[in-house]
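Keep the picture open while you read, and try to find each piece as it comes up.

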Amino acid sequence: MLAADALAGRVAIVTGGGTGLGRAIAVELARAGASIGIVSRDPEHRRRGVEAVQEIGGRAMDVGCDVREADQVEHAFASVAEVLGAPSILINNAAANFPVLASAMSPNAWRAVNRIVVDGTFFCSQQLHRHAVDTGLDGSIVNIVATQSFTGGPGMAHAAAAKAAVVNLTKSLAVEWAPDGIRVNAIAPGLFPHEEMREDLKALRTEGADVDARRSPAGRLGQRREIGWAATWLSSPFASFITGHTLVVDGANWLRRDFVMPEFTPIAEQLSAALRPTP
Ligand code: NAP
């Protein structure tokens with residue numbers, strides 16, 4: 001999308017950069033010249049991310065890290081800095097999500113999602129700030145959130161609440177860190193299906209991609225590289241005065257309201273129909 005040297009000499013860390021949207025973002029950042037650090041827990045995921053970047057001629061390394069743990073995050077950033085140079089771009093993409101009724105949600109499920117999304121985003125952002133400021137670099141953080149941040153997420157209350165917290169954090173950090181030359185923005189993707197999505201999330205889309213597409217004002221679903229383009233642009237000098245902003249990339253789907261809405265089906269009925277085991 002941008003000139004091949006738009007991010008030349010920059011080092012970008014993408015959390016969860018081995019799968020789905022994170023991998024697409026890593027590839028698009030590399031196309032613009034950034035070296036990429038893929039940070040996540042599963043070595044097989046990370047290998048796929050590194051390979052995808054290398055396939056387009058980019059430079060990438062990976063580090064094992066659970067973003068919930070501040071000491072692991074500190075180690076991951078130090079490892080990337082040692083091999084690739086000081087990171088000045090961070091994509092907080094790592095997340096977890098699964099459908100569950102709020103009334104049935106275990107404390108562990110609630111905490112796990114909130115710790116990955118809220119704690120992980122904060123710990124990684126602090127590290128990016130430290131490395132960029134210590135080396136005198138301007139920095140960019142892009143938090144991948146969801147339109148549930150604005151609407152709530154019935155059936156996914158844990159993830160929706162966590163993403164809403166990150167939209168809020170985006171604004172606080174944008175103001176605190178603007179004097180340090182660190183911009184902080186967010187992207188709220190619409191539905192971007194991919195093969196690595198959890199089966200229970202796939203099951204919520206019961207009628208196939210063509211029906212999903214007709215349900216969107218744009219008449220189609222998102223393509224992963226479109227999130228990569230948005231993240232690359234927000235991380236680039238072409239967005240140099242944009243900070244504290246959440247950019248929705250969803251073909252106007254979350255704004256949709258019909259004159260006559262479909263009858264309301266309680267969330268418990270919707271989930272039990274979607275997640276009922278097939279005979
Ligand atoms: P995904 O394929 O499930 O990717 C999640 C990534 O997060 C995985 O690579 C995973 O890597 C990493 N991760 C999870 N827990 C982690 C932890 N504790 N520490 C480090 N890494 C961790 O999801 P996706 O669909 O690509 O979504 C990417 C982002 O977009 C997420 O923030 C999601 O909420 C957001 N989003 C996606 C959609 C969509 O339609 N796809 C829509 C709205 C928002 P490991 O397993 O290797 O740790």
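In this predicted model, let's start with helix α4 (residues 107-134) and helix α6 (residues 157-177), whose axes come within 9 Å of each other and cross at roughly 20 degrees. Angles under 35 degrees count as roughly parallel, so α4 and α6 are roughly parallel to each other. The crossing of α4 past α6 is right-handed.

Who does the touching? On the α4 side, the contact residues include Trp110, Val113, Val117, Phe122 and His129. On the α6 side, they include Ala161, Lys163, Val166, Leu169 and Trp177. Sort the residues of this contact by class and you get 15 nonpolar, six polar and one charged.

Helix α4 has another partner to look at: helix α3 (residues 70-84). The axes of α3 and α4 come within 9 Å and cross at roughly 35 degrees, and α3 also makes its pass by α4 in a right-handed crossing. From α3, Ala70, Val73, Glu74, Phe77, Ala78 and Ala81 take part, and they meet Phe123, Cys124, Gln127, Leu128 and His131 of α4. That contact has eight nonpolar, two polar and one charged residues.

| Helix pair | Axes come within | Crossing angle |
|---|---|---|
| α4 and α6 | 9 Å | roughly 20 degrees |
| α3 and α4 | 9 Å | roughly 35 degrees |

Now hop over to the loop between β4 (89-92) and α4, where you'll find Val100. Is Val100 buried or exposed? Buried means under 20% relative accessible area, and Val100 has 17%, so it counts as buried. Leaving out residues up to four places away in sequence, Val100 touches Met105, Gly155, Met156, His158 and Leu271. One of these, His158, also belongs to the α6 side of the contact with α4. For a sense of distance, Val100 and Ala218 sit 118 residues apart in sequence and 29 Å apart in space, going from C-alpha to C-alpha.

Last stop: helix α1 (residues 20-31). Its twelve residues reach 17 Å from the first C-alpha to the last, close to the 16 Å expected at 1.5 Å a residue. Why is α1 described as largely enclosed by the rest of the structure? Because eleven of its twelve residues are buried. Among them are Leu21, Arg23, Ile25, Val27, Glu28 and Leu29. Just after α1 comes Gly33, with a positive phi of about 105 degrees.

Methods
Residues numbered from 1 in each chain as written. Predicted model: local features only at pLDDT ≥ 70, side-chain atom pairs only at ≥ 80, totals over all residues. Heavy atoms only, no water. Axes fitted to C-alpha atoms, helices over the stretch in contact; angles between N-to-C directions. Helix = DSSP H or I, 4+ residues; strand = E, 2+ residues; numbered from the N terminus. Parallel < 35°, antiparallel > 145°, perpendicular 65-115°, else oblique. Left-handed = near helix turned anticlockwise from the far one by under 90°. Contact = heavy atoms within 4.5 Å. Nonpolar A, V, L, I, M, F, W, Y, C, P; charged D, E, K, R; others polar. Buried < 20%, exposed > 50% of the residue type's maximum accessible area, 1.4 Å probe, protein only. Expected span 1.5 Å × (residues − 1).
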